[in-house]
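Here is a briefing on the fold, overall dimensions and nonpolar cores of one protein.

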Amino acid sequence: MDNLGIPEIFVDILLGALKGGLATILLLLLGDFVSTFAYHVPEHVFGHFHCIVHHGKNRSFIHYAVLTRNPLVVLDGFLGAVPYFIFIPWLWQLSPGGTLLGLAFGEFHVVWRHVTALGWVTPQGVQWLCERLWLTTPERHWVHHENGNLAYGDIFTFYDQPAKRWLRWLRLVKRSYRQWRLSASSSVVSHSP
Ligand SMILES: [Zn+2]
Ligand SMILES: [Zn+2]
């Protein structure tokens, strides 16, 4: 075997692993970012669809984890997942394996973060690890299910604070728009003969 071949193979493997890891992390980071700020938070302010479908009380684990064939649940799950899909063509060029791993982890996390509905409790060691990695645990996600003002960031907890600011700002926009429409319509009434 050529002596120079071994380090080259080693470098290739290392580079491949680095690219794969980068593609996985980028897919999850970017996907959760766009999903939170472009779909999840705006839906809580302007829409009712996500709240009715995903925050309805007394639904099953199968329902929350989007493992059902109910078209409304599948649609909400799909809209939340599109932000991950849009990065596939770009990240595929970096690493197909890493992109697939990111998608698989995203799907695993959707299912896992709803196990509270089954009465499961996350082991202490996993809780500890998730805290260090800023990963959303099922317990933390359940806080969001019970109160739509709290615990944003489906996968990463560090999106919670900016998401809450985004939520407050969008609510302000909604209120200002309503007041503007109300005052516009009342001035039309007062000016009418
Ligand atoms: Zn949920
Ligand atoms: Zn929500």
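The protein has nine helices and zero strands. Helices (H or I, at least four residues) and strands (E, at least two) are DSSP runs, numbered from the N terminus. In sequence order the pattern reads α-α-α-α-α-α-α-α-α. This is a predicted model: local features need pLDDT of at least 70, side-chain atom pairs count only at pLDDT 80 or more, and totals for chains, interfaces and linings use all residues. Residues are numbered from 1 along each chain as its sequence is written, while chains are lettered from A and ligands numbered from 1 in the order in which they are written.

**Dimensions**
- Along the principal axes, the C-alpha atoms fill a box of roughly 95 × 40 × 35 Å.

**Burial and contacts**
- Of the 193 residues, 22% are buried (20 or more other C-beta atoms within 10 Å of the residue's own, with C-beta atoms placed from the backbone).
- Among contacts (C-beta atoms, placed from the backbone, within 7 Å) between residues at least 6 apart in sequence, 63% join residues at least 24 apart.

**Nonpolar cores**
- A nonpolar core is a set of buried Ala, Val, Leu, Ile, Met, Phe, Trp, Tyr and Cys residues joined through C-beta atoms within 7 Å.
- The largest has six residues: Ala 23, Leu 27, Leu 28, Tyr 84, Leu 91 and Ile 155.
- Helix H1 (residues 5-46) gives the most to this core, three residues.
- Another core lies apart from it, with five residues, including Val 41, Tyr 152, Tyr 159 and Leu 167.

Note on methods: A residue is buried if 20 or more other C-beta atoms lie within 10 Å of its own, exposed if 12 or fewer, and partly exposed in between; C-beta atoms are placed from the backbone. Two residues are in contact if their C-beta atoms, placed from the backbone, lie within 7 Å.
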